Amino acid sequence: MKKVRGFLITISIGILILCIGPMDIFFHGFYCDMEEYDAIYEEDLQGYPLLEQNFEQVFVPQKRHFAGFSLNLAEVETENAGELVLSIYNQNGKRIDQAVVHLKEVKSGEWHQVYVGKKLKAGETYSLQIRVQNRQEPLQLKLADADYLPKENVKGNLFLGYAYSKSTFGLQEKTLFTLFLIALWIFIFAEKLKLPLRTGIEGRKIAIFLFLTILLTENYSFNSMNHENEAFADFHSKGETLVMGCVYAEQEGISLPEYGLGRYTDVKGTLTNYTTDFLTDEDWDQGYSRTKPMIALSNNSFTRSVCAAGNRIQFANGDVFEIEEVSRQGQYLYAELSADRNLLKSKYGSLSRIQFTDQEGSLLKRGMLEDYESQYGLQGKVFRTLARSMNDENVLVSLRFLCSFGTAVVFSLLVLALAHKYHKLLAFSFYIVFWLSPWVVNFAHNLYWVEFTWFLPMLLGLVCSIRIQDKRYRIFSYGAVLVSVMGKSLCGYEYITNVMLGGIVFLILDFVKAVWKKEKERAALIFRTTFWFGFFSLLGFFIAVCVHASLRGNGDILAGIQSIIEKDVMRRVGGGEMSHFDPVYWDSFNASIWETLGKYFHFTTEVIAGIPGNIFPLLCGTPIGIFIYNYKRNKMNWEDVWMYVVFFAVSVSWFVLAKPHSYIHLHLNYVLWYFGYIQVCIYIICKQVMGKES
């Protein structure tokens, strides 16, 4: 009976995974975007009297979940209206679906939805035959020029909309649901599950790891636990667009730099956020003048180089017009064209698809990409490679999801390792903060910051401390931390002190404990391990600097290092003559460390969801009060004291060593408190309240 029950559970979970994923049986709605008649030139419309003969339209669905058609019929009389019959045939001439529209229910000049053809397949060719019945007068269909018709249209110019349903679950939801079902199956059959290679990892722990990862990924992707976190959607988009700029540039065939990041500029403007669009008001429609043959583009270095009198513009529909005159006013560049009337977006397409040519007809570039030289930009190279195999429409969402998932995996492993080495309460404190911190959540999905690279060295250092007696683990950790720190540094040098100190924080705690207990041999082993772990961290950082410097110095590493120090390091950490830098940095150079650190004790957000930021000083001070109280009662737990002090030092290291950067970047650097310090404060307070013993 148990085997039958297990078989049925397995089959049920497998079927559900197939239904959510590959089969995609959950969808909804009737979505169709079409223009109105007034968005079409009168001469591009013609009537087609339909009465005795049939009308045929050939089309190819472009997406899954075809839902039907939208009709917009003119001059429909309500009396003796009759019916409109729509029949769909496949390439073999077999009728596969049919719908009857009662014309008395159709309002003249308005879109009418026809639900038909739900089983049509994307990419296959079908014919739609339309006829009228029980009607005495011809029905006037409207045929439009091909420029106005959707890309589904192959033959027959009926002004017709093609509608689709949307998948209820996107890629993110499908992945999370699938992982949840897999985790549930593992959890149910954990006792019977045998893992390969004799890892010794219990199946139930794998299930728990997946559950933890799913919960974090869900919040990092959707911000579901803190709807007041208004910065979530486009948090620091100015940095993230350095990644997406290279993705878009590659899609447009623009040559890419050796650096992985760049600032992309095209006819919309310079990409620093995702909301930039063409001019639209009472005189302009998405950059098209409503009254004369003129378009409005962003006034930038790219458009000024290609949009010049005498050059030509080829629009999305293939039509070409000469640029007769160019004027610039503020943020916009206006180009008058050789057309004899104003242009319509519905006919000529989005201005983002225009192509410039010179007077000889040679194609000019579609945009320009300015190198971002402050770092190597490894994340840009990786995400750009991944984007090549993704749907262009969903590339940003997909890449963000991968980043969120990677961050969740690192945090979940870190939490499980903490539970193994220390206490479940400490692990819970870390997890709840990783889950609910608005700062951690905002950074988690950001493609520029790639937050999981910050905490990977900490995870490696924790694992090394757990398996420190095993030489193989120590050697592996040295190589792994070299790669991880190098990867983080190639993605950016911000917070590198926190990252590298985070890698040895647990080894330091073990060393202090061993010295305190006078365990000389263990203290010596930990000291050697900490030294080599730190050495390989520094080596990884140095290798990354050399790789970056090679680009910066055009092959001359020393010249590149000098350039990095003068233009980037000094700007972040101070030093040198203030006159060598923009005056905007002068206040940050003059500020004291105490003044800078003081700024970060006044939180601008909640500490975690539900805990207001104004109690952050109390959160920091309460553990000190607990230490004093326990000391007087002779119940002092020195391990908690060391943990509090060491994690505080890790968190404030960047505030101190990169004072100018921290003084300016208040909108970013609060996240540094989450390198363990806030978690430890919460842990100490909770342990005291609960009366837990170490």
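This is a predicted model: local features need pLDDT of at least 70, side-chain atom pairs count only at pLDDT 80 or more; totals for chains, interfaces and linings use all residues.

User: Okay, helices to start. At what angle do α2 and α3 pack?

Analyst: Helix α2 (residues 171-188) and helix α3 (residues 203-222) pack at about 160°, and their axes are 8 Å apart. Helices here are DSSP runs of H or I with at least four residues, strands are runs of E with at least two, and both are numbered from the N terminus. Axes are lines fitted to C-alpha atoms, for helices over the stretch in contact, and angles run from 0 to 180 degrees between N-to-C directions.

User: So how are α2 and α3 oriented to each other?

Analyst: They're roughly antiparallel, therefore. The cut-offs are under 35 degrees for roughly parallel, over 145 for roughly antiparallel, 65 to 115 for roughly perpendicular, and oblique for the rest. The crossing of α2 past α3 is left-handed, meaning the near helix is turned anticlockwise from the far one by less than a right angle; clockwise would be right-handed.

User: Which residues of α2 and α3 meet?

Analyst: From α2 they include L176, L179, F180 and F187, and from α3 they include I206, L210, F211 and F222. Contact means heavy atoms within 4.5 Å. By class, the residues in the contact of α2 with α3 are 14 nonpolar, 4 polar and 3 charged. For those classes, Ala, Val, Leu, Ile, Met, Phe, Trp, Tyr, Cys and Pro are nonpolar, Asp, Glu, Lys and Arg are charged, and the others, Gly among them, are polar.

User: And how do the axes of α4 and α7 cross?

Analyst: The axes of α4 and helix α7 (residues 378-387) cross at roughly 40° and come within 9 Å. That makes α4 and α7 oblique to each other, therefore, and α4 passes α7 in a right-handed crossing. V243, C246, V247 and E250 of α4 make the contact with Q379, G380, F383, R384 and A387 of α7. In the contact of α4 with α7 there are 5 nonpolar, 2 polar and 2 charged residues.

User: Switching to strands. What's the order in the open sheet of 3 strands?

Analyst: The order is β13-β12-β21, with antiparallel pairing. β13 (269-270) and β21 (368-371) are at the edges with a single partner strand each, so one side of each has no neighbour in the sheet. Helix α4 (residues 237-251) packs on that sheet, touching β12 and β21, and its direction makes about 65° with that of β12.

User: How many bridges join β12 to β13?

Analyst: There are 2 bridges joining β12 (residues 262-266) to β13, and T265 stands opposite T270 in β13. Two strands pair if DSSP finds at least two bridges between them.

User: What about β19, is that strand enclosed or open?

Analyst: β19 (residues 332-337) is largely enclosed by the rest of the structure, because 5 of its 6 residues are buried. Buried means under 20% relative accessible area, exposed means over 50%, and partly exposed is in between (1.4 Å probe, protein chains only).

User: Which strands are joined to β19?

Analyst: β16 (residues 294-298) is joined to β19 by 5 bridges, and β18 (residues 320-329) by 6 bridges; both run antiparallel to β19. L297 has L333 as its bridge partner in β19, while R328 also stands opposite L333. β18 and β19 form a hairpin with 2 residues between them, and G330 in the turn has a positive phi of about 65°.

User: Last thing, single residues. Is S484 buried or exposed?

Analyst: S484 lies in helix α12 (residues 471-491) and counts as buried, at 8% relative accessibility. Leaving aside neighbours within four places in sequence, S484 is in contact with L456, P457 and L460.

User: And where does G93 lie?

Analyst: G93 is in the loop between β5 (83-89) and β6 (95-102). At 48% relative accessibility, G93 counts as partly exposed.

Definitions and conventions:
Residues are numbered from 1 along each chain as its sequence is written. Side-chain values use heavy atoms; hydrogens and water are left out.
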